[in-house]
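Here is a friendly briefing to read alongside your structure viewer.

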Amino acid sequence: MSRPGRFCVFGRMSHPTETQSTAVRQTAVRCTRGGPISAEPRINDRIRVPEVRLVGPSGEQVGIVPLAKALELAQEYDLDLVEVAANARPPVCKLMDYGKFKYESAMKAREARKNQAHTVIKEMKLRPKIDPHDYDTKKGHVVRFLKQGDKVKITIMFRGREQSRPELGFRLLQRLADDVADLGFVESNPKQDGRNMIMVLGPHKKKTEAMAEAREAQAARKAGRQPGSAEESSAEETTEEPAEA
C-alpha cells in the first residue's frame with residue numbers, strides 16, 4: 001500500500017509532480033467549498049421548514065403555524081414572509097414589506113456612517129524664528145482645525161545652531177497654546193524628538209458637535225440664499241406701495 005502524497009508508477013514509488021499536486025488541491029477545494037454564503041434572510045418560498053413561529057405585521061405574536069398557512073397569510077396581507085431568527089426552533093418569521101425594510105435599513109446605515117466621527121490628527125510645522133505674518137497664518141490653520149474638532153500636532157523644526165536653543169521652540173509652543181486656549185488644550189506637553197520639538201493640541205468640542213454645527217451653518221447659508229424669501233417679498237411690497245399711491 002502506498003503512503004498518502006505519493007503515486008505508484010510501474011511498481012515504483014514516486015513523489016507527485018507540481019502539476020499533479022496543483023490539480024489535487026484544486027479538486028479538493030472544489031469538493032469542499034460550497035456556494036457563497038448569503039447574508040440576506042430567507043423569504044417566502046426560500047423558507048424550507050415544516051412550521052414557523054409567526055409574528056404579525058404590527059409585531060403581534062400569531063404563534064406556531066404550518067409554513068403553508070404562514071405563506072397564505074403573507075399573500076392575504078400582500079406582504080412577504082421573512083425569516084428573522086433562523087436558529088430558533090422553530091424559526092421565527094415575520095410578515096413585512098421586505099423591499100421597504102431593506103430601503104429603510106440602508107438609509108439608517110447611511111445616516112449612521114454620515115454621523116460617524118473619525119479622529120483626525122492634523123500637523124502644523126513651524127520654525128523657532130518664524131516671521132510674525134507666517135505665525136498668524138499658521139495659527140489661523142490651527143484655529144480652523146480645532147473648530148472642526150480635530151487634534152493638531154505642532155512640530156518645531158530646529159536646524160543648525162538652533163538645536164542649542166530649545167527654549168525658543170518651547171516658548172513658541174507655549175505662546176501658540178495660550179493663543180488658542182479658548183478652542184483647545186494641551187493634550188501632550190512639548191517634548192524633544194531629535195531635531196524637532198512636538199506638542200499635541202486637543203479640541204474642546206467633540207467631532208460630532210463640530211460636524212453638527214457645520215451642517216447647521218451650511219443649512220442657514222442655503223436658506224439665506226434662497227430667492228423669494230419672506231424678507232425680500234416684504235421689501236418689495238413696501239417699495240411698491242408709494243408707486244401705487
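In which loop is Asn44 found? Asn44 sits in the loop between α1 (18-32) and β3 (51-55). The model is a predicted one, in which local features need pLDDT of at least 70 and side-chain atom pairs count only at pLDDT 80 or more, while totals for chains, interfaces and linings use all residues. Residues are numbered from 1 along each chain as its sequence is written, and side-chain values use heavy atoms, with hydrogens and water left out.

**The protein overall**

- The secondary structure comes to seven helices and 10 strands; helices (H or I, at least four residues) and strands (E, at least two) are DSSP runs, numbered from the N terminus.
- Of the 245 residues in the protein, 23% are buried. Buried means under 20% relative accessible area, exposed means over 50%, and partly exposed lies in between (1.4 Å probe, protein chains only).
- Among contacts with a separation of 6 or more, 53% are between residues 24 or more positions apart. Contact here means heavy atoms within 4.5 Å.

**Nonpolar cores**

- The largest nonpolar core has 20 residues, and those touching the most other members are Met124, Leu126, Val142, Val152, Ile154, Ile156 and Leu201. Such a core is a set of buried Ala, Val, Leu, Ile, Met, Phe, Trp, Tyr and Cys residues joined through side-chain atoms within 4.5 Å.
- At least two residues of this core come from each of β7 (121-126), α4, β8, α5 and β10 (196-203).
- Helix α4 gives the largest share of this core, with five residues.
- Apart from this core lies another one of 12 residues, including Ile47, Leu54, Ala70 and Leu95.
- Once neighbours within four places in sequence are left aside, Ile154 is in contact with Met124, Leu126, Val142, Leu173, Leu176, Met197, Ile198, Met199 and Leu201.

**How α4 meets α5**

- Two packed helices are described by the angle between their axes and the distance between the axes.
- For helix α4 (residues 132-147) and helix α5 (residues 166-179), the angle is about 50° and the axes are 11 Å apart. The axes are lines fitted to C-alpha atoms, for helices over the stretch in contact, and angles run from 0 to 180 degrees between N-to-C directions.
- The two helices, α4 and α5, are therefore oblique to each other. Angles under 35 degrees count as roughly parallel, over 145 as roughly antiparallel, 65 to 115 as roughly perpendicular and the rest as oblique.
- The α4 and α5 crossing is right-handed, meaning that the near helix is turned clockwise from the far one by less than a right angle.
- On the α4 side the contact is made by Tyr135, Lys139 and Val142, and on the α5 side by Leu172, Arg175, Leu176 and Asp179.
- These contact residues of α4 and α5 divide into four nonpolar, no polar and three charged. In this count Ala, Val, Leu, Ile, Met, Phe, Trp, Tyr, Cys and Pro are nonpolar, Asp, Glu, Lys and Arg are charged, and the others, Gly among them, are polar.

**Backbone features to look up**

- Most residues other than glycine have a negative phi, and most peptide bonds are trans.
- Asn44 has a positive phi, near 50°, and is not a glycine. Asn44 counts as partly exposed, at 22% relative accessibility.
- Asp78 also is not a glycine, yet has a positive phi of about 60°. Asp78 lies in the loop between α2 (67-77) and β5, and at 68% relative accessibility Asp78 counts as exposed.
- The peptide bond from Arg89 to Pro90 is cis, with omega near -5°. Pro90 is in the loop between β5 (80-85) and β6 (92-96).

- Gly149 is found in the loop between α4 and β8 (151-157), and Gly149 is buried, with a relative accessible area of 13%.
- Not counting residues up to four places away in sequence, Gly149 touches Pro203, Lys205, Lys207 and Ala210.
- Gly149 and Thr208 are 59 residues apart along the chain, and their C-alpha atoms are separated by 7.8 Å.
- Thr208 lies in helix α6 (residues 207-225) and counts as partly exposed at 40% relative accessibility.
- Asp182, in the loop between α5 and β9 (184-193), is exposed, with a relative accessible area of 61%.
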